[in-house]
Amino acid sequence: MDGAIEALRKEFAGLRTGRASASLLDPVMVDAYGSSMPLNQCGTVSVPEPRMLLVQVWDKGLMKPVEKAIRDAGLGLNPQADGAAIRVPIPDLNEERRRELVKVAAKYTEQARVSVRNVRRDGIDALKKLEKDSEISQDEQRKIQAEIQALTDDTIKKVDDAFAQKEKEISQV
């Protein structure tokens with residue numbers, strides 16, 4: 001269940017909120033050296049200003065492919081080559097884009113909830129099997145099942161809290 005929360009946090013880190021974050025470029029894949037590789041293996045991403053990312057490309061021959069990969073990543077960013085680095089200004093979000101991002105965040109949240117419920121189902125199935133094999137009593141099985149349900153409820157509350165925080169962050173102008 002903790003894995004579902006961690007995956008949700010990683011998904012949320014990739015959502016743009018109007019502020020620059022180095023993790024914003026994590027999903028960008030660059031066609032380099034005959035294969036597709038993550039941007040962080042081609043250069044260093046830094047945040048020199050609140051609305052600017054700076055990508056220091058290690059191999060100057062990869063400047064154009066990196067620039068193209070950022071532009072084509074579907075993040076709505078327009079990189080500009082600047083000598084030995086690529087500057088990526090973060091544009092302001094309009095109201096329509098903010099609503100879209102909230103919908104995407106809601107989709108990620110629902111996926112996390114489903115993951116947590118799947119873990120609960122697997123745990124309860126394992127308990128039923130143990131009871132059927134007479135390894136634990138029916139009372140023990142019910143007690144542990146209640147604990148699993150309480151843990152599930154707590155984890156789903158954490159997921160919902162993370163979504164509420166991200167929604168507030170996205171909506172903030």
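Q: On a 1 Å grid over the protein atoms alone, a pocket is an open set of points where a 1.4 Å probe fits, with protein on both sides within 12 Å along at least five of seven lines; what is the volume of the largest pocket?
A: This is a predicted model, in which local features need pLDDT of at least 70, side-chain atom pairs count only at pLDDT 80 or more, and totals for chains, interfaces and linings use all residues. Residues are numbered from 1 along each chain as its sequence is written, and side-chain values use heavy atoms, without hydrogens and water. Taken as the space filled by probe spheres set on the points, the volume of the largest pocket is about 230 Å³.

Q: Which residues lining the largest pocket are the closest to its centre?
A: Helix α1 (2-13) and α3 are the elements that each give two or more residues to the lining. Of the 15 lining residues (an atom within 4 Å of a point), the closest to the centre are Glu11, Gly14, Leu15, Pro27 and Leu75.

Q: How many residues of strand β4 (residues 52-57) are buried?
A: Buried means under 20% relative accessible area. Strand β4 is largely enclosed by the rest of the structure, because the number of its six residues that are buried is five.

Q: At what angle do helix α3 (residues 95-132) and helix α4 (residues 138-171) pack?
A: The axes of α3 and α4 are 10 Å apart. Their packing angle is about 170°. That makes α3 roughly antiparallel to α4 (over 145 degrees), at an angle of about 170°.

How values were computed:
Buried means under 20% relative accessible area, exposed over 50%, partly exposed in between (1.4 Å probe, protein chains only). Helices (H or I, at least four residues) and strands (E, at least two) are DSSP runs, numbered from the N terminus. Axes are lines fitted to C-alpha atoms, for helices over the stretch in contact, and angles run from 0 to 180 degrees between N-to-C directions. Angles under 35 degrees count as roughly parallel, over 145 as roughly antiparallel, 65 to 115 as roughly perpendicular and the rest as oblique.
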